[in-house]
Amino acid sequence: MKILRIISAVLLLLVLNISWSQSPDPKATKRGDKLFNRFSYLKAAKVYESYLPSKDSAYIFRQLVESYLALNDTDNSQKYLAKVVKQPIVEPKFYYEYAEILAEQADYQHANIWYEKYNSLVPSDERVIAKLGAVKNIS
């Protein structure tokens, strides 16, 4: 019975150690957040990227998107937006930003999909109605 408790305790510690090692260091995200809040977007992005992949990559991906959008780096913005929009819980603004970048790169067919997704969640946003019409006329 005592051996079973010891084995259980060791297994629990092993599982906890694995899960902790895969999640980002709270100090690291705080460091990245501090840089982000000081408008040092490039430095913040480098800090966030250094902690990928991690268990909480969703937060890091969102912060990377915000950083690269602020830097007008469409390639990296698109790279991380593609990951953000696949998350189970996504703020609607990320669908809109992804559609904008796709439209900017003349990928109107895919932009239309993300504009539609955004429009289904935020039907009161008149910008999207105009953009949907424009994208459909172009493609």
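**Entry 1: aromatic rings.** I began with the aromatic side chains and found Phe36, Phe39 and Tyr41 linked into a cluster by ring pairs. I note at the outset that the model is predicted. My count of aromatic pairs came to eight.

I then looked up the pair formed by Tyr68 and Tyr80. The ring centres are 6.1 Å apart and the planes stand at 5°, so I recorded this pair as stacked. Tyr68 belongs to helix H4 (residues 57-70) and Tyr80 to helix H5 (residues 74-84), so the pair ties together parts that are twelve residues apart in sequence. I found both Tyr68 and Tyr80 to be buried.

I turned next to Tyr95 and Trp114. Tyr95 sits in helix H6 (residues 92-104) and Trp114 in helix H7 (residues 108-121), so the pair ties together parts that are 19 residues apart in sequence. Are these two residues buried or exposed? Tyr95 has a relative accessible area of 6% and is therefore buried. Trp114 has 19% relative accessibility, and because the cut-off for buried is under 20%, Trp114 also counts as buried.

**Entry 2: a charge over a ring.** I checked Tyr96 and found Arg127 over the face of its ring, at 4.2 Å from the ring centre.

**Entry 3: the nonpolar core.** The largest nonpolar core holds 33 residues, and I noted that Leu64, Tyr98, Trp114 and Tyr115 touch the most other members. I listed the helices that each supply at least two residues of this core: helix H2 (26-37), helix H3 (41-50), H4, H5, H6, H7 and helix H8 (126-138). Which helix gives the largest share of this core? I found that it is H6, with eight residues.

Setting aside neighbours within four places in sequence, I found Tyr115 in contact with Tyr96, Ala99, Glu100, Ala103, Val128, Lys131, Leu132 and Val135.

**Entry 4: backbone in the loops.** Where is Pro53 found? I placed Pro53 in the loop between H3 and H4. The peptide bond that joins Leu52 and Pro53 is cis, with omega about -10°.

In the loop between H4 and H5 I looked up Asn72. Its phi is near 60°, a positive value in a residue other than glycine.

Ala106, in the loop between H6 and H7, has a positive phi of about 65° although it is not a glycine. With a relative accessible area of 48%, Ala106 is partly exposed.

Definitions and conventions:
Residues are numbered from 1 along each chain as its sequence is written. This is a predicted model: local features need pLDDT of at least 70, side-chain atom pairs count only at pLDDT 80 or more; totals for chains, interfaces and linings use all residues. Side-chain values use heavy atoms; hydrogens and water are left out. Rings of Phe, Tyr and Trp (its six-membered ring) pair if their centres lie within 6.5 Å; planes under 30 degrees apart count as stacked, over 60 as edge-to-face and the rest as tilted. Helices (H or I, at least four residues) and strands (E, at least two) are DSSP runs, numbered from the N terminus. Buried means under 20% relative accessible area, exposed over 50%, partly exposed in between (1.4 Å probe, protein chains only). A charge sits over a ring if NZ of Lys or CZ of Arg is within 6 Å of the ring centre and within 35 degrees of the ring normal. A nonpolar core is a set of buried Ala, Val, Leu, Ile, Met, Phe, Trp, Tyr and Cys residues joined through side-chain atoms within 4.5 Å. Contact means heavy atoms within 4.5 Å.
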